[in-house]
Amino acid sequence: MEPDVSVETSAMIRIAIIPIGKIPHQTLRDYYSMFLHHHTIPLSSISSFYTEEQKSPFTNQPWETGSLRFKFVLGGEPPSPWEDFQSNRKILAVIGVFHCPLSPDLDSVIEEFDGVCKGYASARVTRCFGFFPCDSQLEDGGKKGENLRLFPPADRQTQEMHLQTMMQEIAASLLMEFEKYVFQAESAGTILKTPLDSQASLSSEEVDNFEFCKKLQVIKAKKRRLGRAQKTIGDYCLLAGSPVDANAHYSTALELARLTADYFWYAGALEGSVCALLIDQLSLKDPSLEDEVRYRYSSVILHYKKSFIPENAQRVSPLSFELEANLKLARYLCRKELAKEVVDLLTSAADGAKSLIDATDRLILYVEIARLFGTLGYQRKAAFFSRQVAQLYLQQDNKLAAISALQVLSMTTKAYRVQSRASISSNSHINEVGSSHADSGKMHHQSVVSLFESQWSTLQMVVLREILLSAVRAGDPLAAWSAAARLLRSYYPLITPAGQNGLARALANSSEMLPSGIRCSDPALPFVRLYSFPLHPSQMDIIKCNPAREDWWAGSAPSGPFIYTPFSKGEPNDSSKQDLIWIVGEPVQILVELANPCGFNLRVDSIYLSVHSGNFDPFPISLDLPPNSSKVITLSGIPTSVGPVTIPGCTVHCFGVVTEHLFRDVDNLLHGAAQGLVLSDPFRCCGSPKLKNVSVPNISVVPPLPLLVSHVVGGDGAIVLYEGEIREIHISLANAGTVPVDQAHISLSGKNQDSVLLISYETLKSNLPLKPGAEVILPVTLKAWKLGLVDLDNASGSMGRQLKDSSSPSLLIHYAGPLTDCEDPPKGSAVAPGRRLVVPLNMCVLQGLSFVKARLLSMEIPAHVGENLPKPVYLENSSKEAIDSETKMDGLVKIDPFRGSWGLRFLELELSNPTDLVFEISVSVQLDSTEDKLSAGQDATEYGYPKTRIDRDFSARVLIPLEHFKLPILDGSFFMKDFKPDGAVGSRNSSFSEKSAKAELKASINNLISRIKVRWQSGRTSSGELNIKDAIQAALKTSAMDVLLPDPLTFGFRLVRNNLSQESGDSRPKGSVLAHDMTPMEIVVRNNTKEMIRMSLNITCRDVAGENCVEGTKATVLWSGVLNGIAIDAPPLQESKHSFSLYFLVPGEYSLVAAALIEDATDLLRARAKTNSPDEPIFCRGPPFHVRVIGTA
Amino acid sequence: MIVCVAVVGHQNNPLYIQSFTEADDALKLHHIVHCSLDVVDERVNNPKKSGLTLNETFLGLLYPTENYKVYGYLTNTKVKFILVTTDLDVRDADVRNLRYGIAKFFRRFHAAYVDAVSNPFHVPGKRITSRTFAERVSNIVKSFGLSSAG
């Protein structure tokens, strides 16, 4: 059987092209390709070389339309035993080709060529073509043999023209030779035999002795011979391009063969006639022609079948001709519309393949079937038969056959969807890489289909295994590596661990034969996927500069707690399209996840990011992946120049070969796995959790920027503070970049911003520009905030949780390099971005002293009745020295100017210490030096009291003395909310002043509170302040009225001395009263309101026996006297006096108490007295006064 | 005798392949089913030329190979059913007979397939792993053998 047969094959003149002398392979191919242009020589063009010596036997030769067809056989071929049967099988011409520069000796060339030609007995024309001869050779060539043709050195076009002429000459010579042959054949009658009939005819002619039969046989043999001769002449007519003549001879041959039952030759002649018919009718497209061809060919096939002789079936069989006829017809009909018919033909041809004796024939048959199926568009069938071809090749068990098998198998990979990535057209590959950004989200249709088809794993694995086998045999380690890699990567779940090990060994063995560093387009293991694309750590955030604004960072960086706010104007919020900026010279990191789902330990020699844009230096790392494991690794690199960066995948050096693993492939794979299209998810089966699709952002590289690095001096750990503690820390800022920092700005963000008391912004300012490598230390004063309830819960829990919580504030430092010079001011985009450094102030606030409650304590000490009224504190301007000399505690006791008695008020704070430390509390009251001259000589802030120590797990009470202060006037405004004024008119006018008065009250409370500071100290370093304002306020609230508001009336008693008694009383202690003596006294009533008060005054005097001589019935009163019913009208804000006298009988201690029944009390007074009923009498009582009565009873 | 039945998805992905022979020829049958897709594709792409009317789901004989005949059936969701049989001398009329022919077999097979993919736990496009389906298919195959023999 022959490859590439068609109906027209019968009309082709076979010409052997033989390389002579030394000729490089490529050059030979080059020359051969020149010949291929001349496979058809029109008869019209050869007439100049043709000389009709005698009358041509080809009487009907179409000189105008016909042509000779050449079939070139490079290297020639051995003579076929069937060449008598089909003349087109003969090598009818031999063309030697030699390359003159390499074969200088023309004689030896001619000698070699002659030797070659001897092997081709059937050759009727021989020529030897020499290309690129030198001048001497050209000169020589003229003299040498006539078969030598030299082509002068020229360009290709000229040479082809030369060659065309030469071929025309050859065609003409051949035509003349055919004429000679036909004459000879017609006259002489050569014996034509085929391997098929040699024995049969011999036996029939020699063994049979019967005369009649012999005669009959002889006649039959003669006719048969004649028929065969006619058939051969027909063949030559066909070769000579004269189909009409051929047809005539074939008809005769058919007739004779039919008569002599020479079926084989009958079929041959019929085949020839079909070819003649086709060539004759080449120009006209007759639909009936196809039917005719089909009909005749079925007859051809039938007769070939008939000619099958069982006796010599073992040795030789016409089957190959039958199959060839099948193929010829199939090729002729090979169109989509006739697919069914063609498939039937090919199927029957394939069925016949088993009966073929010669393995080579079977090989050729399968090749042809595969090719025809391929032309028909039946890719899978073509692949199936290609695989059969490959198996036949593999049976031959030699290297060349294995190479052929490998080539054939690699053609099938497309149909089985297991092709190597190298074979997928490279242009589409580049396109995909380029567009990987644009559509990284969706999958390519192509890849989806391939995922679906990849489920034919049974077939695919077989094909890959065969490729691996043939590649190993063919000695193509790269193909073997690639096949093993594909097998392992795609089908690892179907391969046993032993098989996986075997493949790993195959990979290793193949790589040993490969040069190191060789690349393969098919990735093996591991599977690599993008794990995450870390955005810049907050330490090196990049922000856009807004050069138009003073605060250039504003608006460019998110200020809230959200990294991406939906409110940022004009920026695409599509996170898949987010941009990433890298900086030249600053290392970046990308996390990728590797998986080794196989049962062997995988050694990755190196893996690094593969970057096609060429402006990135990746750092390779190597690692070991244990069986069935996955690992997230960090791949880093440095951008080297400005521009966009694309990272399609990783370059992996594993099993001795460098491969590129694209992220997109694995994404598709995982997507397929999710849909159940792919066998398994390699990451899932390694126990790695499902990961959402990570998109590759658009990365661009910008020129170097400054880079500030911060650390807290003394350790970057959390700053542990107790509630209210104040501490100064130092933050060191260093420029780690290559560009100086020219501008910087500090702001705060996060929670508890008010806990940062002071940032020494000036320190930073004064150090600008900060040169690369320079460092500045920034002091920051912190005050720990008060823990809320939630925080307290946290504090009781684990420390770690508390550290993590984000209640700490952060320093935001926006900084930028020098402003770009005005090289290209119109380009707004040229502004270099600034950066932002976030310095988290990791404050860990521990619970410190806790406040339990606050109480207001007050006590009164009665005043002594003296010649003068007790002097209120605010009047004491002159007695400063005296007070100074007294102890501090004494200084606390002051005369209440509105009550006239000594009063002492404390704020009692109860504090507990739940911590492990000892706290010392110091209370200080900051005195207002302008108002209170008491403190003028002392340090205002240090007006403190002895420290209180609170041990761990104890609580203590701290007393804070409260200074007296009262409002001078009892005003209605304080009670506005308590009662509604009757007249709506008046309320309007008064409301303003009432409000201001109320505000005054509030302000005075706040003033008081703010002056009290409770500081604590614990150990040597920790100190702080308790924030108890609220507590004090709460404590004061209930009694604020009593503390702050004056009584409506102030009573005071005074001894009135006449001159006499004054002189006589020199010896007496000051302020004492003698018994048995009339003591004139005076009561002073001061009206603290703005209205006239009419009252009925009572004065009671009792002896002091009990502590409380005023209230209570239990007091043992021995002596008492009452003066009542004194009517006094006290004008507003004025004092009125009433004189009276006392006469004591018994010396001792007495108390004088004044009380007044206010008549016609106003609403204001009622409110002050906290009564609601309007009928209730309003009673006002002053503090008791002490009277010491001396003398003898 | 039916040697193999297969369900092939609309993307030419195998959903179910079951052979009913004792011999170890799964690979060969896979190949046969795989190759038959060529013919199915061709018929789907040129429905007029292959004489396939729009409503006809039964594709008839796809191609004969050495020892087998391959029949096809195409649902309107482009899922293909492939049947490989060793009965080489079946007349075309018998094949298309809806009472006992191969067309009848395909109808029953289709019903079984529809029931299998109606399972809410079945993911469309995934291989059919239902045991019920496998049992039902083998029953259909067995009963077809009986009816065609009788």
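**Questions on a predicted model**

Visitor: To what number of disulfides does the count come over all chains?

Guide: A disulfide is taken as a pair of cysteine sulfur atoms within 2.5 Å. When this rule is applied over all chains, the count of disulfides comes to zero.

Visitor: Which cysteine holds the sulfur closest to that of Cys117(A)?

Guide: Cys117(A) is itself buried, at a relative accessible area of 13%, where buried means under 20%, exposed over 50% and partly exposed in between, with a 1.4 Å probe and protein chains only. Its sulfur lies 7.9 Å from the closest cysteine sulfur, which is too far for a bond, and that sulfur belongs to Cys128(A).

Visitor: At what pLDDT do side-chain atom pairs count?

Guide: Residues are numbered from 1 along each chain as its sequence is written, while chains are lettered from A and ligands numbered from 1 in the order in which they are written. Side-chain values use heavy atoms, leaving out hydrogens and water, and, the model being predicted, totals for chains, interfaces and linings use all residues, local features need pLDDT of at least 70, and side-chain atom pairs count only at pLDDT 80 or more.

Visitor: What share of the residues of chain B reach a pLDDT of 70 or more?

Guide: pLDDT is the predictor's confidence in each residue, on a scale from 0 to 100, and where it is low, the predicted coordinates should not be read in detail. The model as a whole scores ipTM 0.86 and pTM 0.63. For chain B the mean pLDDT is 77, and the share of residues that reach 70 or more is 80%.

Visitor: Is strand 4 of chain B largely enclosed or open, and how many of its residues are buried?

Guide: Strands are DSSP runs of E with at least two residues and helices are runs of H or I with at least four, both numbered from the N terminus. From strand 4 of chain B, Lys69(B), Tyr71(B) and Tyr73(B) point one way, Val70(B), Gly72(B) and Leu74(B) point the other way, and all are buried. The strand, residues 69–74, is therefore largely enclosed by the rest of the structure, its buried residues numbering six of the six.

Visitor: Over how many bridges do strand 4 and strand 5 of chain B pair?

Guide: Two strands pair if DSSP finds at least two bridges between them, and strand 4 of chain B meets this with strand 3 (residues 58–64) in the antiparallel sense over five bridges, where Tyr63(B) has Val70(B) as its bridge partner. On the side of strand 5, Lys69(B) has Thr85(B) as its bridge partner, and the hairpin between strands 4 and 5 has five residues, with Lys78(B) in the turn at a positive phi of about 65 degrees. Strand 4 and strand 5 (residues 80–85) also pair in the antiparallel sense, and the number of bridges is six.

Visitor: Which side chain is joined to that of Asp522(A) by a polar contact?

Guide: Asp522(A) is placed in the loop between strand 7 (519–520) and strand 8 (527–532) of chain A, and it is buried, with a relative accessible area of 4%. A polar contact is a pair of N or O atoms within 3.5 Å, and within protein one must be able to donate a hydrogen and the other to accept it, while residues adjacent in sequence count only if both atoms are side-chain atoms. Such a contact, of 2.6 Å, joins Asp522(A) to Ser482(A).
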